[in-house]
Structures are given as C-alpha cells and as structure tokens.
There are 2 protein chains.
Amino acid sequence: MSAARITDTAFDNQLRQKAQLVNSTLQRLLTQQTEIDNNLKKAIEYTLQGKGKRIRAAVLLWCCELVSGKINHGAEVAAAAIEMVHTYSLVHDDLPAMDDDDLRRGLPTCHKAFDEATAILTGDALLTLAFEVLANRVIEPAIAVRLISQLAMAAGAAGMIAGQAADLRAENGQGTQELLEYIHTNKTAKIFRCAAAMGAICGQATEAELECLCEYGLKIGLAFQIADDILDVSASADHLGKTAGKDARAAKCTYPSVLGLEKSRQLQQKLTNEAVKLLELFGGKAQALQNLATALLQRTR
Amino acid sequence: MSAARITDTAFDNQLRQKAQLVNSTLQRLLTQQTEIDNNLKKAIEYTLQGKGKRIRAAVLLWCCELVSGKINHGAEVAAAAIEMVHTYSLVHDDLPAMDDDDLRRGLPTCHKAFDEATAILTGDALLTLAFEVLANRVIEPAIAVRLISQLAMAAGAAGMIAGQAADLRAENGQGTQELLEYIHTNKTAKIFRCAAAMGAICGQATEAELECLCEYGLKIGLAFQIADDILDVSASADHLGKTAGKDARAAKCTYPSVLGLEKSRQLQQKLTNEAVKLLELFGGKAQALQNLATALLQRTR
C-alpha cells in the first residue's frame, strides 16, 4: 500500500469521525425537541439519517479547530444547523414541482417515503429548527447572532434559494458561463463559504483568518459542485445514491454541458489549487482542510 | 353615531396605523436586499402586499408600547419578521399538496400567480429572511437571540408546523375537542403568543409582564381562530378575500364542526373575557390590547 493511499484512508477516517460527531449532535438536538409533532419527527429523522457525507459540517468543524485548536459546543451545534439547512434544501429540491426526484442518499426521497405535504412541512421544520438551535442561549448571544446572520444570508433569496430558482429557470435553456457561475455560486458555494465562516466565528477567528477561510470555502464549494456535475454524467445511481444522468435529461445548466468535461476538470483543479494556496496563511496547521480540498477533487460519489 | 361606534372607528384607525408601519418596514427591509433574486423578490412582494390585516404585528407593537411606552427599532423589525413568517405559512399552506387554495387576501395565491416551484421557494425565502432581519446586528444580540428563539419555537415542528401537519391529518376524520385544541393552539395561538412575547421582549418587559402578555396572546389567538372557523361557514369568498366554505368541504376539524356554532361563540366570548381580565395587571394602560381582543370577537373578515 502506498504512502498516499495510507494518507487517504487516514483522511477518510477523519471525515467519518466528523460525520459521527454531527450525527450524534443532530440526534441529541432532536431528542431535546420533546414537544415536536411525532409524524414530523419521524420524517425529519428519516431525512437526516446516516448516509449524508456531512462535508459542510466537516468544513465548519475543521475551520473552528484550525483557528482555536479545538471544537467547542457552539461549533457542534452550528455544524448540526448547517446540515439541517442542507437537508431541508434537498427535501424541497426533490419535490415534484422542483427537481421531481425519487432517490436521495440511497433511499426514496421524503415525499416518496411519506407524502408531498409531509415533505414540504419537514423541509420547513428543518429550516426553522436550524435557527432555533443556534438561538438556544447555550451559544453566547454575540456569536449566535453572527452565526444566524451568516446562515440566513447564505441560505436565503440572495444565496441558496436564488441559485435554486435560477437553476429551475435555466432548464432547457441556453447555458452561459456567467449563468453557470451565478447558479453554482449561489446554490452551492455560498453554503460552503458559510460553513467556513461559521466555524471561524465559533473559533473566534481574526478578521484576516475569517476572510481567508471564507474564500477557501467559496472555492471548494464551486469545485465540489463541478465534481457533482461531472459525476452526474459519469456515475450510476446505485453508486451515487441519487438519480444519475438527471441534469443532462433536464438540460440543466451544468459545468460539463456548458464547458465540456475537459475544461470542467481544469477549472476544478484550478479552484482546488487556489483553495489550498489560501491556506498558507495558517502554515502547516491546515492539513485537514488541505486534504479535504484534494479529496473533493478525487471524489467518486 | 353611538359612542361605541366612534370608539370602533378610532380603534380601526389605530390598527391601520400599525399595519402601515409594518408595511413600510417590510418594504424598507426588502429594499435593503440588494442581491436578492429578482423573480423571487417579485413573488415575495406579491405575497406581502397590502391586504393583510397585520394583526400579529399589531399585537407585537402594542405589547412593546405597553411595557416600554414606545415602539423601538427592534419591535419594528420583529413585527415585520412575524408577518414574514405568517405570510410564508400561508404561501405553503395554499400549495396544491396542502390546502390547495386559489385565493388569498383577495388575489390569486402565489402558486397560481407564479408557479408551484416559485411558491415553495418564496415561502422558504420569507422564512429565512425573517431570521436574517432579526439577526441583522441592529438589534442588541441578547434581545435578538431571544426573539429568534421565540419565533423559531412558535413557528416550528413543536408549534405552527405541528398544527398544520395535524390539521391535514385530521381531514375527513372524526374531530374531538382535544384534537381541535391541539391543532388550533399550535397552528394559530402559539404565533399570537409569540407576537406578544416578542413585543414584550423588545420593550424589556419584566418576567411577570412577559408571562401575562404570553397568556393574553394565546387566548386571543384561539379566539381569533374560532372567529376564522365561524367566518368560513358564514361569509362569502368575496368578503373574506379567500375561498369560503372550504373547511367544511374538506371535513376539517374546526370549532363549528366539533362544538357547533353556538358553543363556538360561547368559547370565543369566554377566551376574550379571560384575555381582557389578564390585562388588569397594566391598569388602564392596556386599552389598545383590550380593544383588539373585543374587536376580534366582532370580526367580520
């Protein structure tokens, strides 16, 4: 086994540990919701269950660790909150009136497993719960409002929702590189930037550290989305845990459809290099974030 | 014209003034959203436009005024935020998979005026924006997190969303008084209680004042919902600005269907009396909230 392969495995383990931390935090936060509607709780648990890679949460946790040397309680809650928002966005995106998808994380989508009304309400509940746990008064208020502000801006109509709206409008249309960048910056990259920002804020980063990590987040977010687009055209549903080839059939505005595969891979590499370069500010301390950027480049699902 | 009638008109004017304040705050907050997706902005403005009565906002503003003698900036923003959440809930409730309604506030519902995907995203955007404006750092963080926590709890899966989920499940079923109370407490009354709590928090109320106003809010919220149920069976769509007789057709669990009209009116009167009695804590200063409780009893739309 080569040295590089050993490193990969070590990184996979680190990522899995972060995912386990997020999963147990999600479980704990849900358990605290004693007055929650029981059917909604089942649907929420169903959508949050195991198979998510929790990459946004891992970015957040590593950024907090990088600037403060440890993961604090606020970062754990923030990591859970960002995964709630990510999951809500998947539940709503999968709805028949949106992307109309049957498969997610290897399981029937929420509206298939339950029904459409439950899926709408489950998404709403996850989004609301994300803000509730951030405002739970365990996190210092001055920190909490910054986290909530970052999350709301990244997820809102000037962020993720704007990207989703533009994505739907762009179906069956002529994609331009400008539109492509608008969609993917808003739909995906801003939440990665937000994850980095939230981690940095939890770790009480300096302004310079915060800015640098935000840039890093934005770049790996775009690189992540390019990988997603490439996988949609090159991998099977069984492998991805969601429907494959769907973007092409819907004539979505994706990197491969606008730039072609070769140029998409080049751009992905360029963004990864730039992301890694940004980490030089932290000397050798940013190994995990560096590994993450590289791993995203090589992702196969 | 009788004295009572003059008082009514004066109260109507006060309520209209509060609605105008909320409308201008909503407009100002939306104007500040310079990076918002343009199509979503149109849909958001469409759903927020004029005809809403803004009763939840008025409760909030009057509670702040009552405990602090004035309306502060935080209360203005909070009033706008609670109307955003209320409006989001209407947009999602009206969706085909939910209550499937064509008419709202005298206009085609959001998914009729735009399309279903836009309505889903518009609701999501309004909910997210409510938390964003509360965390905008203009409101003192210690106050802001309390407001966000109240709003998220009241609107979430242990509040409004739970009520909506139970409401949908109860369709065509056998309604019991217990189920009725669960649905309407969660679906409607908790947001009224939240409005009162947010106003009290903005005005830096004492714990005793806060508790009392929360109870007041819960009671007028239930009374408001009873009036809504009664109007659904007794008024026309033209008059209501939304489809009439719809609850009965869907065999919804409503006060008239479970208790009958006469007992519903009695309960409404009882809740109003209790709400007014709670205000004795404030001596003669709570005239506006007292008038509101009475006005809800007499509401015709």
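**Reading the model**

Reply: Chain A holds 15 helices and two strands, where helices (H or I, at least four residues) and strands (E, at least two) are DSSP runs, numbered from the N terminus. This is a predicted model, in which local features need pLDDT of at least 70 and side-chain atom pairs count only at pLDDT 80 or more, while totals for chains, interfaces and linings use all residues. Residues are numbered from 1 along each chain as its sequence is written, and chains are lettered from A and ligands numbered from 1 in the order in which they are written.

Me: What radius of gyration does chain A have, and what would a compact globule have?

Reply: The radius of gyration is taken over C-alpha atoms, and the globule rule is 2.2 Å times the number of residues to the power 0.38. For 301 residues the rule gives a value near 19 Å, and chain A, with 18 Å, therefore agrees with a compact globule. Along the principal axes, the C-alpha atoms of chain A fill a box of roughly 50 × 45 × 40 Å.

Me: How is burial judged, and is Met160(B) buried or exposed?

Reply: A residue is buried if 20 or more other C-beta atoms lie within 10 Å of its own, exposed if 12 or fewer, and partly exposed in between, with C-beta atoms placed from the backbone. Met160(B), which lies in helix H8 of chain B, has 28 C-beta neighbours inside 10 Å and so counts as buried. By contrast, Asn23(A), found in helix H1 (residues 3-31) of chain A, counts as partly exposed because it has 18 such neighbours. In chain A, buried residues make up 54% of the 301 residues.

Me: Which residues is Met160(B) in contact with, leaving aside its neighbours within four places in sequence?

Reply: Two residues are in contact if their C-beta atoms, placed from the backbone, lie within 7 Å. With those neighbours left aside, the contacts of Met160(B) include Ser89(B), Ala154(B) and Lys190(B).

Me: How do the axes of H7 and H9 of chain A cross?

Reply: Axes are lines fitted to C-alpha atoms, for helices over the stretch in contact, and angles run from 0 to 180 degrees between N-to-C directions. The axes of helix H7 (residues 141-155) and helix H9 (residues 177-202) of chain A come within 9 Å and cross at roughly 175°. Angles under 35 degrees count as roughly parallel, over 145 as roughly antiparallel, 65 to 115 as roughly perpendicular and the rest as oblique, and H7(A) and H9(A) are therefore roughly antiparallel to each other. Among the residues that make this contact are Leu147(A) of H7(A) and Cys194(A) of H9(A).

Me: How many residues of chain B are in contact with chain A, and what rotation superposes the two chains?

Reply: In this pair, 43 residues of chain B are in contact with 43 residues of chain A. The largest share of chain B's side, 11 residues, comes from H6(B). Copies are superposed by least squares on the C-alpha atoms of residues with pLDDT of at least 70 in both. Here a rotation of 180° with 0.0 Å of shift along its axis places chain B on chain A (RMSD 0.0 Å), and the two copies are thus related as by a two-fold rotation axis. In chain B, the C-alpha nearest the axis belongs to Pro141(B), at 2.7 Å from it.
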